[in-house]
Amino acid sequence: MEQPPVQVTPDEVHAHAHKTGRPRLDLVIALSAIFISAVSLVVAIEHGRTERDLVAANSWPFLRAVLDGGYQDGRAIAIGFSNEGVGPAKLKSLEMFYDGKPVASARDLLRRCCGLADGVEAIHRRLPGDFHYQIVDETVWRPGEEAVVIEVRRDKSAGDIPERLSPSLLRIGFRACYCSVFDECWASNLRSTTPGRVRRCEPPQHPFDPGGP
């Protein structure tokens, strides 16, 4: 007599797998069920990874340098970056270099490239109303958004500083660290198309303060 699929006792219920009465066939069926379950599990895991990678790709930030000698239809010179990715960029740090050496501030850059005299008063005397800067560390930048860190306007009061700054743009370098909304982080010189992945953004070795002395 064939064993019933369910056995009921006063204490519990036992379910019995249906058997064909052929041991080898029963073994093949059991192994097939285990194999199909394992394949389904692998497919589910891979599908989850694919979905996660797709979401990450749709939130990928990508910062690029802006070194524009003809900003605002040629009326100004702009130094900064833009987010050319598809997701927001959380900028953790930005370092600037001139001829490979760290730059401490916008005034420091103008002293090196353009002959700006020492002292805070010098910039007000040489560039009255024609010099602007923006602090960008620990800020979030939307896709397509541009950040002008330093802007020098071409004006007679600026003397020869804009003309000396413009050809010096290619001597300016950057090191930036930024993260996506999922805290995936990259370190970049803002020129390469392949920024390096990092576990997290460390404090900058050479902090850049645009409004510093």
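Buried means under 20% relative accessible area, exposed means over 50%, and partly exposed lies in between, with a 1.4 Å probe and protein chains only. Keep that in mind for helix H3. Its buried residues are Ala-106, Arg-107, Asp-108, Leu-109, Leu-110, Cys-113 and Cys-114. So H3 is mostly covered, with seven of its nine residues buried.

Before going on, some ground rules. This is a predicted model, where local features need pLDDT of at least 70 and side-chain atom pairs count only at pLDDT 80 or more, while totals for chains, interfaces and linings use all residues. Residues are numbered from 1 along each chain as its sequence is written, and side-chain values use heavy atoms, with hydrogens and water left out.

Now the overall picture. The protein chain has five helices and twelve strands. Helices (H or I, at least four residues) and strands (E, at least two) are DSSP runs, numbered from the N terminus. The chain has 213 residues, and 34% of them count as buried.

Next, contacts. Contact means heavy atoms within 4.5 Å. Take the contacts in the protein chain with a separation of 6 or more: residues 24 or more positions apart account for 61% of them.

On to the core. A nonpolar core is a set of buried Ala, Val, Leu, Ile, Met, Phe, Trp, Tyr and Cys residues joined through side-chain atoms within 4.5 Å. The largest one here has 36 residues. Which residues have the most contacts inside it? They are Phe-81, Leu-110 and Ile-150. Several elements each supply at least two residues of this core: strands E4 (76–83), E5 (89–98), E9 (146–153) and E10 (172–179), plus helices H3 (106–114) and H5 (161–165). As background, nonpolar side chains in soluble globular proteins tend to be buried together.

Let's look at Leu-63. Leu-63 sits in strand E3 (residues 63–70). Its relative accessible area is 0%, so Leu-63 is buried. Leaving aside neighbours within four places in sequence, Leu-63 is in contact with Phe-81, Ser-82, Asn-83, Ala-89, Leu-91, Tyr-178, Ser-188 and Leu-190. Phe-81, remember, is one of the residues with the most contacts inside the core. Glu-146 is 83 residues from Leu-63 along the chain, and their C-alpha atoms are separated by 9.4 Å.

Arg-191 is 128 residues from Leu-63 along the chain, with 8.6 Å between the C-alpha atoms. Arg-191 lies in the loop between strand E11 (185–188) and E12. At 37% relative accessibility, Arg-191 is partly exposed. Not counting residues up to four places away in sequence, Arg-191 touches Arg-64, Leu-67, Leu-169, Leu-170 and Ile-172.

Now the disulfides. A disulfide is a pair of cysteine sulfur atoms within 2.5 Å. How many does that rule give? Three.

Start with Cys-113 and Cys-114, joined at an S to S distance of 2.3 Å. The torsion about their S-S bond is about -80°, so this disulfide is left-handed. Cys-113 has 8% relative accessibility and counts as buried. Cys-114, at 1%, counts as buried too. Just after H3, Gly-115 takes a positive phi of about 75°.

Next, Cys-177 to Cys-201, S to S 2.0 Å. Why does this pair tie together parts 24 residues apart in sequence? Because Cys-177 lies in strand E10, and Cys-201 in the segment after strand E12 (196–198). The torsion is about -85°, so this disulfide is left-handed. Both cysteines, Cys-177 and Cys-201, are buried.

Then Cys-179 to Cys-185, S to S 2.1 Å. Left-handed or right-handed? The torsion about the S-S bond is about 95°, so right-handed. Cys-179 is buried at 3% relative accessibility, and Cys-185 is buried at 4%. Number the bonded cysteines in sequence order, and the pairing reads 1-2, 3-6, 4-5.

Last stop, the surface. Val-39 lies in helix H1 (residues 23–57). Val-39 is partly exposed, with a relative accessible area of 36%.
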